[in-house]
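Thanks for asking me to look this one over. Here are my notes, in the order in which I would go through the chains with you.

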Amino acid sequence: MGAQVHGTQPYDNSKRAEIKFNDAAMATVQTLISHYPEGKQKSALLPVLHIAQAEFGGWLSPEVMDYVASILKIKPVEVFEVASFYTMYNLKPVGKCVIEVCQTSSCWLCGAEDIIKHIEKRLNIKVGETSKDGMFTLKTAECLGSCGTAPMAQVGASYHENLTYEKVDTLIEKYRSEGRLRSYTDMDYHNTL
Amino acid sequence: MGRKLLIHNDKVPNIHTLDVYREHGGYASVEKALKTMTPDQVTDEVKKSGLRGRGGAGFPTGLKWSFLAKPEGVARYLVCNADESEPGTFKDRYLMEVIPHALIEGMITSSYALGAKTSYIYIRGEYFYVARIVEKAIAEAYAAGWLGKNILGTDFSHDCYVQVGGGAYICGEETALLESLEGKRGNPRIKPPFPAVAGLWGCPTVVNNVETIAAVCPIINMGGEEYAKIGIGKSTGTKLISASGHINKPGVYEIELGLPVEEFIYSEEYCGGIRNGKKMKAVVAGGSSVPILPTELILKTAKGEPRLMSYESLGDGGFQTGTMLGSGGFIVMDEDTSIVKNLFTFTRFYHHESCGQCSPCREGTGWMEKILKKFLNGSAVESDVELLWDIQSKIEGKTICPLGEAAAWPVAAAIRHFKNEFLEVARSKKFVDVSHYNRLNKIVA
């Protein structure tokens, strides 16, 4: 291997060979690349990273970032510098459902802090932590553009708005019983309770 | 009832589909422009309309278009800024989600004016589900021949694509957005060169907000002069306002510019007054970056005239007694709200979102957050108010992009208008969040 991504996690060379998009994901990646002029395929990096994160367990390991670099014919460090800049890319393993509660002005004015405390209690974790069963990670987020329907939380592609304690409880039970990985690229979007 | 031009059909069932959108007059501006007008005539109508950028800066759109360089043999691009991230703002999300074809129609008509064969809609990554809605609408438009080769049998061909971001407020700054669209970190570029000369991949590029582009459709349909008759003075046309906070009816409202602020807040047609029977304390009128104003100054100017929802009236008095229309992110706070804590949430936001390129912003936003945290944990001293003032004054005007100002202005305004509240917290050595009654009441009840 030549240059490798130096992420926050150790690089496991043996895993690198196993990482490959399935045909459907690869087709989407190729379509995305076709949206840009010849030689400008690097432009597809942000959307391709979203697909990679959804396909490979909800986070971007150094090996996955290396793989994305090989597809877009760019240097691994070009992938890492982007993945580490934007908030939506996880550089460490996370739970299957990442609950992101907005905490900026309007959401704070309407009780976001109470919602965060409630989730902490319900899942027995603090902000930034993952539940023992690996199901939930709780994060705070800065303004998600849902100020008129505050307080709100994003889980994958879904916006959950006008939250109450009851809604949060229902939501957690729903995700727990479904038990699957929720990603930003989920088609089951805008699942407002 | 004010006049509506953008979301007047938002309650029509299935208006997000091409068929229903067409039944309600959709794509008329494309037909009119491509069949009866030259590109320069389209630009002239936009100039005559007086339309100003709806993303926050309020720069005249027609003028921005006229700056576009047109060298032979070089591609030109239109890029739509749908990276809506200014706290308090959610109008573009609403427009794209409910009437996606209004944006696509505007993209085609505007691209025709600019001679752009390709355009991109850059949507913030968190709005992934919105991007899907817009993508579906684009696919419909291609299938019906509104996009692709030789649109309406003319020589004009156009491709329009969506790109999602990765989560970064700074990408709402146009040069950072272009960097991001090129697959890089969202670090703003030094201007000049301006995007109109060297933008996406170094090619001449126009970057416009979602609402600005959608407004081009009614302008072409009715003519620029007719559009300019709506509104007041140099604030022509209509504006989408995102209303949030302690009001009875939060949501997106389309207003005719010039509507009195008092009517907007208290009438049943709009915000419906302050919830829980409380009194109003302050308003942030145009997104988190613009100066906060106390009730007396948001309802009336310092001269005692009624404050209007317009660029000029909200700006009346400068930053001493006025504010800005900005993005139209209208955040209302009731009498129990702690201005100190609200400012903390803003400052935490700017610290989180600073790209880190310029030291005054990178370091200054962090220090302001730390000092405000001292107020919240009861360890602030009176001189910390002066210190905050000093730091914000050393960020403003000293950074590559306007995030520096955006971070500094809210701090300056909060101290300017609510200095005693900061001093009281510092003197009492404890912070009591008096507003901490159960804010979730409104939903539980």
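Of the contacts in chain A with a separation of 6 or more, what percentage is accounted for by residues 24 or more positions apart? The answer is 65%. Please keep in mind that this is a predicted model.

1. **Chain A as a whole.** Chain A holds 8 helices and 4 strands. Going along the sequence, the pattern reads α-α-α-α-α-β-α-α-β-β-β-α. The C-alpha trace spans about 50 × 35 × 30 Å along its principal axes. A compact globule of 193 residues would have a radius of gyration near 16 Å, and the 18 Å of chain A agrees with that. Of the 193 residues in chain A, 49% are buried.

2. The 4 strands here form an open sheet in the order S2-S1-S3-S4 (chain A), and the pairing is mixed. Strand S2 (136-141) and strand S4 (158-160) of chain A are the edge strands, each pairing on one side only. On average, neighbouring strands of this sheet are turned by 25 degrees against each other, direction ignored. Helix H7 (residues 112-123) of chain A packs on the sheet, where it touches strand S1 (97-102) and S2 of chain A. The direction of H7 in chain A makes about 155 degrees with that of S1(A).

3. **One strand pair to look at.** Strand S3 (residues 153-155) of chain A pairs with S4(A) in the antiparallel sense, over 3 bridges.

4. **Where the two chains meet.** How many residues does each chain give to the contact? Chain A contributes 42 residues and chain B contributes 50 residues. On the side of chain A that touches chain B, the elements giving two or more residues are helix H3 (45-55), helix H5 (76-83) and helix H6 (105-109) of chain A. H3(A) supplies the largest share of that side, 5 residues. By residue type, the side of chain A that touches chain B divides into 20 nonpolar, 17 polar and 5 charged.

5. **Domains of chain B.** Chain B is divided into domain 1 (18-229), domain 2 (234-334) and domain 3 (339-428). The centres of domain 1 and domain 3 of chain B, over C-alpha atoms, are separated by 35 Å. Even so, 10 residues of domain 1 of chain B are in contact with 9 residues of domain 3 of chain B. The domain 1 side of that contact in chain B consists of 7 nonpolar, 2 polar and 1 charged residues.

6. **A covered strand in chain B.** Is strand S1 (residues 77-82) of chain B mostly covered or uncovered? Covered: 6 of its 6 residues are buried. In a regular strand, side chains alternate between the two faces of the sheet. In S1(B), B:Tyr77, B:Val79 and B:Asn81 lie on one side, with B:Leu78, B:Cys80 and B:Ala82 on the other, and all are buried.

7. **Partners of that strand.** S1(B) runs parallel to strand S2 (residues 118-123) of chain B, and 6 bridges join them. In this pair, B:Ala82 stands opposite B:Ile123 in S2(B). S1(B) also runs parallel to strand S4 (residues 205-209) of chain B, joined by 5 bridges. There, B:Cys80 stands opposite B:Asn208 in S4(B).

Methods:
Residues are numbered from 1 along each chain as its sequence is written. Chains are lettered from A and ligands numbered from 1 in the order in which they are written. This is a predicted model: local features need pLDDT of at least 70, side-chain atom pairs count only at pLDDT 80 or more; totals for chains, interfaces and linings use all residues. Two residues are in contact if their C-beta atoms, placed from the backbone, lie within 7 Å. Ala, Val, Leu, Ile, Met, Phe, Trp, Tyr, Cys and Pro count as nonpolar, Asp, Glu, Lys and Arg as charged, and the others, Gly among them, as polar. The radius of gyration is taken over C-alpha atoms; the globule rule is 2.2 Å times the number of residues to the power 0.38. A residue is buried if 20 or more other C-beta atoms lie within 10 Å of its own, exposed if 12 or fewer, and partly exposed in between; C-beta atoms are placed from the backbone. Domain bounds come from an automatic or database domain assignment. Two strands pair if DSSP finds at least two bridges between them. Axes are lines fitted to C-alpha atoms, for helices over the stretch in contact, and angles run from 0 to 180 degrees between N-to-C directions.
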